Amino acid sequence: MRVDRTNFGNENQFVVFVRASDFYAIWRAVEYTKGREEPDRPPELSRIPLDRKWGWQAKCWAEGKSNPVPLANVTYHPDYGIGFNDGITRTLWLLHNKAPIFPVLVRGQDSAFGLHETVGDSDMACESLEQLFVDFYPPQKSATEGTR
């Protein structure tokens with residue numbers, strides 16, 4: 001899976017590794033209806049392959065390192081639970097294929113830390129994109145630096 005650095009706001013976007021079963025339970029429990037008569041809950045695990053986008057998921061995941069699948073972009077609020085900006089079908093794929101833990105992208109420190117505290121993997125830190133990119137791609141010294 002992949003996450004991309006953006007031109008701004010990387011300090012306010014976080015990667016949270018979630019425990020799949022706990023994430024799914026909170027997502028299923030949502031009571032926020034978003035103007036609908038019934039809450040928009042994810043399908044039961046046995047019905048996931050019936051999702052309208054399911055057919056092409058295997059091909060997307062099969063590309064692996066050559067074209068990694070982007071992280072799902074989620075929100076979390078203690079009163080409303082988990083919501084999605086993007087990546088529902090990807091998340092359903094991970095759940096259906098029994099991934100025990102997977103990463104998601106969360107905007108906003110309160111939302112990210114709340115999700116991490118509620119369903120996050122305690123062995124994996126909740127870090128901003130800014131910090132992750134500094135860790136993996138430390139700033140390089142310029143050719144003229146240190147020659148004086």
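I call a residue buried when its relative accessible area is under 20%. By that cut-off F84 counts as buried, because its relative accessibility is 18%. I kept in mind throughout that this is a predicted model.

**Entry: aromatic rings**

I searched for aromatic pairs, taking ring centres within 6.5 Å as the limit. The count came to five aromatic pairs. I began with F23 and W27, whose ring centres lie 6.2 Å apart with the planes at 55°, so I noted the pair as tilted. F23 and W27 are four residues apart in helix α1 (residues 20–28), so about one helical turn separates them. Both F23 and W27 are buried.

Next I followed W27 to F84. These rings also form a tilted aromatic pair, at 4.6 Å centre to centre and 45° between the planes. This pair links distant parts of the chain, as W27 sits in helix α1 and F84 in strand β3 (residues 81–86), 57 residues apart. I looked up the accessibility of W27 too: its relative accessible area is 4%, so W27 is buried. Stepping back, I found that ring pairs link F23, W27, F84 and F102 into a cluster.

**Entry: two helices**

I stayed with α1 and asked myself how it lies against helix α3. Two packed helices are described by the angle between their axes and the distance between the axes, so I looked up both. The axes of α1 and α3 (residues 88–96) come within 11 Å and cross at roughly 130°. That makes α1 oblique to α3. The crossing of the two helices is left-handed. Which residues of α1 and α3 make the contact? On the α1 side I listed A20, F23, Y24 and W27, and on the α3 side I88, T91, L92 and L95.

**Entry: Q13**

My last stop was Q13, which I found in strand β1 (residues 13–19). Is Q13 buried or exposed? Its relative accessible area is 5%, so Q13 is buried. I then checked for a polar partner, and the side chain of Q13 makes a polar contact with the side chain of R107 at 3.4 Å. Leaving aside neighbours within four places in sequence, I noted that Q13 is in contact with T6, F8, L105, V106, R107, E127, S128 and L129.

Technical notes
Residues are numbered from 1 along each chain as its sequence is written. This is a predicted model: local features need pLDDT of at least 70, side-chain atom pairs count only at pLDDT 80 or more; totals for chains, interfaces and linings use all residues. Side-chain values use heavy atoms; hydrogens and water are left out. Rings of Phe, Tyr and Trp (its six-membered ring) pair if their centres lie within 6.5 Å; planes under 30 degrees apart count as stacked, over 60 as edge-to-face and the rest as tilted. Buried means under 20% relative accessible area, exposed over 50%, partly exposed in between (1.4 Å probe, protein chains only). A polar contact is a pair of N or O atoms within 3.5 Å; within protein, one must be able to donate a hydrogen and the other to accept it, and residues adjacent in sequence count only if both atoms are side-chain atoms. Contact means heavy atoms within 4.5 Å. Axes are lines fitted to C-alpha atoms, for helices over the stretch in contact, and angles run from 0 to 180 degrees between N-to-C directions. Angles under 35 degrees count as roughly parallel, over 145 as roughly antiparallel, 65 to 115 as roughly perpendicular and the rest as oblique. A crossing is left-handed if the near helix is turned anticlockwise from the far one by less than a right angle, and right-handed if clockwise.
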